[in-house]
Amino acid sequence: MNWLAGVRTALLALRVNKLRSMLTMLGIIIGVAAVIVMIAIGAGAQARVEEQIKSLGSNLIILLPGSVTSGGVRMGAGSRSSLTEDDAFAIQREVTGVQAAAPTLRGTGQVVAGNNNWSTVFYGVTPEYFEVRNWVIAYGRGFEPADLSGSAKAVLLGETVARNLFGDSDPVGQVVRVRKVPMQVIGVLERKGQSLGGQDQDDVMLMPISSARNRVLGGNVAKLRSVGSISIKIREDADMTASEGEIRQLLRQRHRLQAGQDDDFTLRNLSEVLGAREESSRVMTLLLAAVASVSLLVGGIGIMNIMLVSVTERTREIGLRMAVGARGRDILSQFLVEAITLAVIGGVCGILLGVAGSYAIGHFAGWRIELRLESIALAVGFAGAIGVFFGFYPARKASRLLPIEALRYE
């Protein structure tokens, strides 16, 4: 018996009991659909995490000022102004693994543009900040050397700030007031979306660090040239741990800290945290797929049960086929093809249901969905394998029947 004839015979046999065949395929349909939907949800979550990692910057180390101890009470990180712009320049110049180091000053305030106003966070930055954070300017221009040396009244707006202050109008060339200081908008930053902590990264305004220090913040900040943090980007081919150790050693030398004395700064390696988050997302995707695969296993057991019943019902038919010359392998292939056909038809229906379900969940729940061809191929391949695995025993049992006993069966 060739396979084409076997498929035709299998379809005819399945058509005789349509309801039973549909119920048998239902387990495979649900299983395949569940695998596709779960992998799509997990892949969407993983893609979202990867986007957030990319938006923060790759191979990133954040350097924060140290803590202050007063009356035996130790304050948190950042309570002491121990970092300066010169520290950032020294790190970029002397640590071989560092690609760029960007000192930043942070402040908050009300930004006013005409009749509109918006409360936001502003940062004083250097040109290295855009390289460290992988941030580009959507339109307009960036900061030029003259802007930093002359403490220019120039700002870049995040998308959220630009939208709330100017709506659909072009903000480039417009004037905004930051803490009553008039500044000209020279560009708008590309959208970054939410951070891993759920904060809107586009609700921000950037200005030259000299402008933030001398014109907006003033006071002790201008005198001491201190900075709120230093973002450090490590080269792709450099070792993060080794670079972190070099940075710590350099800063201890620059700050004249003695052996045994605590650091007056804090180093945070974001790559380790983000890597752990990405790995947990990947594990969750595999876990969801494994849970969904259980329904495929149940569907396979259903196929085996139905095929065993079919062998029992068609014992006289098997005996008649053998009596007229059918061989055991012909009977084996017939029932095996029936099981595979059930699984494949169920797999195709499951694909349609899974794709539709994935888009429905993405639309109504607002979740990020990533449909991948490999997940669909995996689900269908698994369905076919289940058809072979669970259909083999009933098919083998049918092929081993003796013609005389089969013909006498009632």
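View A. Arginine 141 is partly exposed because its relative accessibility is 33%; the class lies between buried, under 20% relative accessible area, and exposed, over 50% (1.4 Å probe, protein chains only). The structure is a predicted model, in which local features need pLDDT of at least 70 and side-chain atom pairs count only at pLDDT 80 or more, while totals for chains, interfaces and linings use all residues. Residues are numbered from 1 along each chain as its sequence is written, and side-chain values use heavy atoms, with hydrogens and water left out. Arginine 141 forms a salt bridge with aspartate 147, their closest N and O atoms being 3.0 Å apart; the term denotes a side-chain nitrogen of Lys or Arg within 4 Å of a carboxyl oxygen of Asp or Glu. Salt bridges with shared partners connect Arg141, Glu144 and Asp147 in one network. Aspartate 147 is buried, with a relative accessible area of 7%.

View B. Helices (H or I, at least four residues) and strands (E, at least two) are DSSP runs, numbered from the N terminus. Aspartate 87 is buried at a relative accessible area of 2%, whereas arginine 254 is partly exposed at 32%. Arginine 93 forms a salt bridge with glutamate 94, where the closest N and O atoms are 3.5 Å apart. Arginine 93 is exposed, at 58% relative accessibility, and glutamate 94 is partly exposed, at 44%.

**View C. Strand S11 and its partners.** Strand S11 (residues 229-234) is mostly covered, with six of its six residues buried. Ser229, Ser231 and Lys233 point one way from S11, and Ile230, Ile232 and Ile234 point the other way. Strand S1 (residues 60-65) runs antiparallel to S11 and is joined to S11 by four bridges; strands pair if DSSP finds at least two bridges between them. Isoleucine 61 has isoleucine 232 of S11 as its bridge partner. Strand S4 (residues 98-113) is also antiparallel to S11, with six bridges between them. Alanine 102 stands opposite serine 231 in S11.

**View D. The bend in helix H13.** Helix H13 (residues 373-399) has 27 residues and spans 37 Å from its first C-alpha to its last, close to the expected 39 Å; the expected span is 1.5 Å times one less than the number of residues. At phenylalanine 392, H13 bends by about 40°, and proline 394 follows within four residues. The bend is the angle between axes fitted to the seven residues ending at a residue and the seven starting there.

**View E. Two loop residues with positive phi.** Serine 151, which is not a glycine, has a positive phi of about 50°. Serine 151 lies in the loop between helix H5 (145-149) and strand S7 (154-157), and is buried at 10% relative accessibility. Lysine 180 has a positive phi near 70°. Lysine 180 occupies the loop between strand S8 (175-178) and strand S9 (181-189), and is exposed at 72% relative accessibility.
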